[in-house]
Amino acid sequence: SKYVLVKKDSCIACGSCGSAAPEIFDFDDDGLAEVIFEGDNNKGVTLISSDLLEELSDAVDSCPTSCIKTAAAPFA
Ligand code: F3S
C-alpha cells in the first residue's frame with residue numbers, strides 16, 4: 001500500500017511523473033506537479049490502487065529532483 005505526494009518546492013516541472021503515471025500526477029495552476037488521484041489534491045492521504053503501483057514506482061524513479069515522496073501510511 002502506498003501514499004504519495006509531491007514536495008512542490010523541489011519540483012522543476014519536468015513532467016516525467018505525469019508521463020509515467022498520468023492517473024496519479026498532473027500539473028497544478030503554477031505548473032508544478034501534484035497528486036490528482038481520486039481528488040487527493042496532493043495531500044498524500046489517498047491510497048494508490050495496487051494496479052497503479054508500478055506506474056507510481058516508475059514516476060518516482062523518473063523524477064530528477066526526487067521530490068515525489070511515498071509512504072506506507074497517509075501523510076496526514
Ligand atoms: Fe516535478 Fe519531478 Fe514530476 S520534477 S514534474 S515531480 S517528475
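## Salt bridges, a cavity and a ligand

K8 is partly exposed, with 26% relative accessible area. Here buried means under 20%, exposed means over 50%, and partly exposed lies in between, using a 1.4 Å probe and protein chains only. The model is predicted, so local features need a pLDDT of at least 70 and side-chain atom pairs 80 or more, while totals for chains, interfaces and linings use all residues. Residues are numbered from 1 along each chain as its sequence is written, and side-chain values use heavy atoms, without hydrogens or water.

**Salt bridges**

How many salt bridges does the structure hold? There are two. Each is a side-chain nitrogen of Lys or Arg within 4 Å of a carboxyl oxygen of Asp or Glu.

Take K8 and D28 to begin with. Their closest N and O atoms are 2.7 Å apart. This pair links distant parts of the chain. D28 lies in the loop between β2 (25-27) and β3 (33-35), while K8 lies in the loop between β1 (3-6) and α1 (16-20). The two residues are 20 residues apart. Helices (H or I, at least four residues) and strands (E, at least two) are DSSP runs numbered from the N terminus.

K8 also meets E34 in a salt bridge, at 3.2 Å from N to O. E34 sits in strand β3 and K8 in the loop between β1 and α1, so this pair ties together parts that are 26 residues apart in sequence.

| Residue | Relative accessibility | Class |
|---|---|---|
| D28 | 13% | buried |
| E34 | 14% | buried |
| C63 | 12% | buried |
| N41 | 48% | partly exposed |
| E38 | 62% | exposed |

**Two positive phi angles**

E38 is not a glycine, yet its phi is positive, near 45°. E38 lies in the loop between β3 and α2 (53-62). N41 also has a positive phi, near 60°, in a residue other than glycine. The loop between β3 and α2 holds N41.

**The cavity**

A cavity is a set of points on a 1 Å grid, over the protein atoms alone, where a 1.4 Å probe fits but cannot get out. The model has one cavity of 30 Å³ or more. What is the volume of the largest cavity? It is about 90 Å³, counted as the space filled by probe spheres set on points joined across faces, edges and corners.

The largest cavity is lined by 15 residues, each with an atom within 4 Å of a point. Nearest the centre lie C11, C14, C17, C63 and C67. The lining divides into 12 nonpolar, three polar and no charged residues. Ala, Val, Leu, Ile, Met, Phe, Trp, Tyr, Cys and Pro count as nonpolar, Asp, Glu, Lys and Arg as charged, and the others, Gly among them, as polar.

**The ligand**

Where does the ligand sit? It sits in the largest cavity, with more than half of its atoms within 2 Å of the grid points. Around the ligand are 14 residues, each with a heavy atom within 4 Å. The closest are C11, I12, G15, C17 and C63. This shell has 11 nonpolar, three polar and no charged residues.

C63 is found in the loop between α2 and β4 (68-71). C63 and C11 are 52 residues apart along the chain, and their C-alpha atoms are separated by 8.5 Å.

Methods:
1 Å grid on protein atoms, 1.4 Å probe; cavity = no way out; pocket = protein on both sides within 12 Å on 5 of 7 lines; lining within 4 Å.
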